[in-house]
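This briefing concerns the structure shown below.

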Amino acid sequence: MWEYTDKVLDHFRNPRNVGVIDNPDGSGEVGSMACGDALKLTFKLDANKRIAEAKFQTFGCASAIASSSALTEMIKGKTLEEAEKITNQDIADYLGGLPEQKMHCSVMGREALELAIHNYRTGDTSGKILEGRVICHCFGVTEEEITRVVRDNHLTGVEQVTNYCKAGGACGKCRDDIAAIIAKINGLGPKNEQPRPPRPGRALTTLQKIKLIEETLEKEVRPALRKDGGDIELIDVAGNDVFVALRGMCANCQVARFTLKDVVEARLKEFVSPDIVVKEAPP
Amino acid sequence: MKQIYLDNNATTAVAPEVLEAMTPFLKELWGNPSSMHVFGGQVRRHVERARRQVADFIGADQPEIVFTSCGTESNNMAILGTMEAAAERMNFITTRVEHPAVLEPARKLKGLGFNVIELDVDSYGQIDLGQLKRYLGQGPALVSIMWANNETGVIFPIREIAEMVKGAGGIMHTDAVQAAGKIPIDLRGTKADLLSLSGHKLHAPKGVAALYIRRGTRVAPLIHGGHQEFGKRGGTENVPGIVALGKACELSADSISEEAARVAALRDRLQEGILKMCPDTRVNGDQTRRLPNTLNISFLYVEGESILYHLSDLGVAASSGSACTSGSLEPSHVIRAMGVPFIAAHGSIRFSLSRYNTGDDVDYVLEHLPPIIRKLRSISPFGRM
Ligand code: FES
């Protein structure tokens with residue numbers, strides 16, 4: 001069992017402001033069932049543009065429910081400008097702290113708030129926008145988001161980043177990039193890149209190519225997908241076109257497109273041939 | 001507050017009879033069984049008696065039982081020790097739903113360049129014997145397939161599997177840590193060469209386990225540095241633990257069929273009650289071949305950890321295959337291997353009973369669980385009321 005504070009347990013047991021506001025002024029939704037937690041936040045403003053009412057719905061563990069409940073209590077009575085300043089650390093502090101591995105619950109709260117305010121201002125309802133360079137493809141986390149959690153929480157290690165926003169928590173391919181972002185923010189300059197292993201430059205027979213593709217999928221791609229409950233199947237190889245199908249959770253995941261294009265193709269280009277193009281086979 | 005323990009696949013309470021049997025070996029009978037004097041001699045007799053109790057429990061002969069420190073050690077020894085001792089290089093075949101105590105040594109073998117095959121399971125958690133047969137055709141293999149799964153309770157057809165493996169000239173190991181003490185195990189009818197079982201899963205304390213090694217099976221020791229256990233496992237014996245394991249096996253053997261039937265009836269009542277009172281739930285794993293004490297059930301639209309905390313507030317201990325409970329970011333590998341859809345994977349709860357559970361325990365859970373699920377669903381953005 002986790003070491004939750006009494007305040008966390010109280011908000012978990014007696015969550016405040018559960019529900020959805022009809023015709024809200026702002027609404028934000030983050031997470032998914034595939035990821036294991038999700039939060040929907042709605043709020044209404046009063047005549048003075050202060051948050052009069054805030055409600056949440058959360059799918060997730062005890063600390064996710066507590067963080068959401070705390071968030072709604074914290075923003076009530078605030079102007080949007082004030083609410084915007086709330087960091088995930090503020091949410092955690094309000095609860096008397098969260099276990100380090102659960103800090104991503106507080107980040108989910110802050111993200112939902114941001115989205116809801118964004119929705120109020122622009123009317124945009126597209127949900128979590130993957131703006132900027134995606135660093136962690138497994139969890140769809142951008143450079144912007146990583147920078148934000150590192151700054152807000154004074155993080156110094158990759159593992160901490162994983163605890164705060166999940167980035168790096170699956171296949172681990174993005175860990176070097178996360179380390180570089182941390183180094184940049186903390187003014188240490190970019191870390192020297194490790195020289196990559198030499199690429200196979202030989203001409204391959206189709207059979208050899210298929211074997212190599214299978215091997216690459218097995219070693220480089222599957223472990224990451226499996227962590228998310230998904231899998232990938234090689235369907236066909238025609239010249240440099242590689243047809244694959246996503247299975248399991250990945251087939252429904254919102255970040256699946258990124259996974260497919262960026263990760264699979266990048267790995268196959270690196271380990272098999274730079275000319276590979278990945279295509280999704282029709283179901 | 002009421003305390004109801006329904007996490008017996010994790011560990012079990014030490015039986016009072018077992019505690020009584022082992023206590024003298026923590027008090028007056030503290031001799032080293034290897035010593036050539038009376039202190040050691042009287043202790044050695046008890047170690048050998050325990051060996052016979054364990055052997056009788058699974059239909060083996062006394063010299064086929066090696067005592068180890070835990071189920072994980074037994075599995076490691078069976079797998080790594082057999083591969084080391086093998087005269088010719090063998091493939092290693094296992095399943096995707098094994099305990100990490102099998103999957104991790106498998107990973108090590110892979111790193112050493114062995115051909116390692118993990119069989120898939122279907123949505124019931126069963127393997128395809130045809131697939132196994134094809135892989136067995138690829139050359140001599142060590143096969144390690146669990147007798148029953150710890151998370152779902154699904155029982156594999158081990159007798160049939162062992163038949164196939166032996167027919168193909170392979171070596172058969174089965175991790176029976178979860179099965180031993182819950183269903184009868186008889187190695188006279190099943191051709192397994194190696195079998196792991198662990199004390200703390202059958203009401204003996206932690207820190208003692210056994211590996212059955214069929215006569216003539218070559219296994220290199222994992223722990224070197226002593227002649228103990230027929231030279232197969234060095235180290236001074238955990239005498240109190242060994243005596244306890246022997247007693248626990250004897251106790252279990254006395255009543256295993258009746259207890260299995262009684263516990264199964266309780267489990268079934270629990271399952272039916274939950275299914276009736278909580279809509280949108282699904283039982284995970286093959287219900288026709290399942291340990292009598294285990295129920296793995298998914299509550300859609302809610303997350304496992306939050307269910308466990310509410311249960312724990314009411315004094316009920318269970319466990320979950322959800323990501324949040326383990327602190328990892330992914331749900332259990334067993335649930336994922338079965339292709340449980342993600343709307344259910346994060347909300348899986350395992351109830352595992354023992355001979356100490358009663359009908360009152362089941363009633364209590366049936367009274368208090370449905371409101372918990374209703375409450376969490378009313379909070380969830382996905383929940384239907
Ligand atoms: S890309 Fe970040 S963990 Fe896989």
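**Sheet and interface in a predicted model**

In chain B, seven strands form an open sheet of mixed pairing in the order β2-β8-β7-β6-β5-β3-β4; strands are DSSP runs (E, at least two residues) and helices likewise (H or I, at least four), numbered from the N terminus, and two strands pair if DSSP finds at least two bridges between them. The model is predicted: local features need pLDDT of at least 70 and side-chain atom pairs pLDDT 80 or more, while totals for chains, interfaces and linings use all residues. Residues are numbered from 1 along each chain as its sequence is written, chains are lettered from A in the order written, and side-chain values use heavy atoms, without hydrogens and water.

**Sheet of chain B**
- The edge strands, each pairing on one side only, are β2 (65–68) and β4 (116–119) of chain B.
- β2(B) runs antiparallel to β8 (residues 209–213) of chain B over four bridges, and B:Phe67 has B:Ala210 as its bridge partner in β8(B).
- Helix α2 (residues 38–58) of chain B packs on the sheet, touching β2, β7 (194–198) and β8 of chain B (contact: heavy atoms within 4.5 Å).

**Interface of chains A and B**
- Chain A contributes 38 residues to the contact and chain B 30 residues.
- The side of chain A that touches chain B draws its largest share, four residues, from β3(A).
- Two salt bridges are counted between chain A and chain B (a side-chain nitrogen of Lys or Arg within 4 Å of a carboxyl oxygen of Asp or Glu).
- A salt bridge joins the side chains of A:Arg13 and B:Asp313 (2.5 Å, N to O).

Definitions and conventions
Axes are lines fitted to C-alpha atoms, for helices over the stretch in contact, and angles run from 0 to 180 degrees between N-to-C directions.
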